[in-house]
Each structure stands twice: as structure tokens, then as C-alpha cells.
Amino acid sequence: MTAQIIDGKAFAADVRAKVATQVARLKEENGITPGLAVVLVGEDPASQVYVRSKGKQTVEVGMNSYEHKLDAETSEADLLALIEKLNADPAVHGILVQLPLPGHLNEDLVINSIDPAKDVDGFHISNVGLLGTGQKSMVPCTPLGCLMMLRAHHGSLSGLDAVVIGRSNIVGKPMAQLLLGDSCTVTIAHSRTKDLPEVVRRADIVVAAVGRPEMVPGDWIKEGATVIDVGINRIEKPEGGTRLVGDVDFASASARAGAITPVPGGVGPMTIACLLANTLTACCRANGLSEPEGLTA
């Protein structure tokens, strides 16, 4: 069996196109333009690249982009004051504070100071609780992107056996909640799971999100299973330089899986696309309008 490749880059382009269409309709019919504010503290190179990409894609879909770049020495009080100002700004529908923050800042305190309705990362404790109890929430972008791709591939996920490898608050736990919401039977596996290979082998859906290069070999994968590889790991090449790989050994897994996401070009592009979708959703909710179809959990 040769797995079907789930093209995250193409899927993300389709999501962005849908967002752009609905943003244009919002402007025309309601005179409303969704706005996304991104706050970057410090000069972490990877964060700077990510923030630039977010700003560019926000503008491309017709939204307003507000970037706030603060010095690495910015005090917690000043950062919280900025967030309070953004919370109160009706032109801002989504707020994202780029992580990681400098060490002197309390990430939990900062994230939980964001208005939950504007928390387009879905990290606020209120959104975590709402998702966990099956209520309407803002959903973390990466798990939302994974869910969209799974729904597109399978149609209904009801009754499928899913294993999520990894228990992070950003991907593993919310991914499990989303799969439960679509009526999967869900196992969260992790470093202390006994007989992890056998746990994975029974799964119709495998979501790997552990941050360990090529940890999941092909012989752990059930014939015909769908594999969503969230990992992005940089490893050394024998001839020098580096390359990106996922948490799944792509070559061996793609020989057994029915469908698989590549790395790069799989889950990664979906994260910013879903950030834009979440901002649109937040804008619609704030204005008492119908939520964008096909862009929410």
C-alpha cells in the first residue's frame, strides 16, 4: 500500500481562500473588517519570522493586522496594560501573544489576561474548560487544522479508533477533545504508555505530537490508517547541513498508512490558516453573526 499524501499546503490555501471570501462578504454586507493583533516581546528569530508571516497572510485575506513589537525587557505590567487596551478595542477581534516569552514574564498570567472571546490561540483557561466540556470555545489552531484535514479525508469520524501520541496542552490534549467531540474512541499515549507500539497499531487515526524525530516507525502503523504528523524536527544530514522531519518515519509509515501528512508541507501550513479562521469566527461571534461554515470545530 502506498499512502495518499494529505497536502497541508494546498488545504491551507483553500482555508485561506474561504476566509478571504467570507471577510469580503462581511465588509460588503455588514461594514465590518476582522482585526488580528499580534504581540511580540523580544527578538527571537523564529518568532520574528512567524509574526511576519502571520501579518502578511492576515492582510492577504482582507483583515486588519495590528503588530505590537516590544523590547525583551518589557515589564509584565506594561505587557498586561497593552493586552487590556487590546481587549477593549472593538476593532481588534483576535489577540495573539507570540510564545515563548522572555523568562521574566509569566506566560500563564499573560495568556489568561486576554479576553477569552479574543483568544484566537485557544490557550486561555476558560477556552480550555469550554472545549473540555463540549461547549463553544476558541480552539487551538494546530489541532483545529488536524481536525479539518481528518474530516475532509474521512467524512465522518464517528466510531473510529484514534490514538494521540503526546499530551501537551497546545496539541495533544485539545486534539483528543476534538476527536471525542466527533465521536472517536480516543487514547492519549505518552512516554510512560505501556506497550506503545501495540496501542498505536490498533488505531484508525494516529496523531503524532511528541517532538521526537521519526519516533514512530512504519511497523507501528495499522494497514490503511490515517497518520497526522504534527512534529517538526530539524536533524543533521550525513553529508552536512540539516533537514526537517516529523515525529513519524515517513518512508516506512507511508508504505502502510492509507493517508499521511508530510513534513514539511503537512500540518504546519494549517496553523496560520486556522489562526485566520479563528479570527473570522471571533469577529462573527462578537457581532452576533452566523459562524463561518466549515472553519470551526
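Residues are numbered from 1 along each chain as its sequence is written, and side-chain values use heavy atoms, with hydrogens and water left out. Because the model is predicted, local features need pLDDT of at least 70 and side-chain atom pairs count only at pLDDT 80 or more, while totals for chains, interfaces and linings use all residues.

Helices (H or I, at least four residues) and strands (E, at least two) are DSSP runs, numbered from the N terminus, and two strands pair if DSSP finds at least two bridges between them. An open sheet of 3 strands has the order β3-β2-β4, and its pairing is parallel. Its edge strands, each pairing on one side only, are β3 (64-70) and β4 (94-97). From one strand to the next the twist averages 15 degrees; angles run from 0 to 180 degrees between N-to-C directions, and axes are lines fitted to C-alpha atoms, for helices over the stretch in contact. Strand β2 (residues 35-41) is joined to β4 by 4 bridges, and V38 has L96 as its bridge partner in β4.

Two helices accompany this sheet. Helix α2 (residues 45-60) lies across β2, β3 and β4 and runs at about 160 degrees to β3. Helix α3 (residues 76-88) packs on the sheet as well, touching β2, β3 and β4, and its direction makes about 180 degrees with that of β2. Contact here means heavy atoms within 4.5 Å.

Strand β7 (residues 205-208) runs parallel to β8 and is joined to it by 4 bridges, with V207 opposite I228. Strand β11 (residues 259-260) is also parallel to β8, through 2 bridges, and A259 is the bridge partner of T226.

Finally, the axes of helix α1 (residues 8-30) and helix α10 (residues 268-286) come within 8 Å and cross at roughly 20 degrees. That makes α1 roughly parallel to α10 (angles under 35 degrees). Residues making the contact include F11, V15 and V19 of α1 and M270, L276 and L280 of α10.

Definitions and conventions:
Angles under 35 degrees count as roughly parallel, over 145 as roughly antiparallel, 65 to 115 as roughly perpendicular and the rest as oblique.
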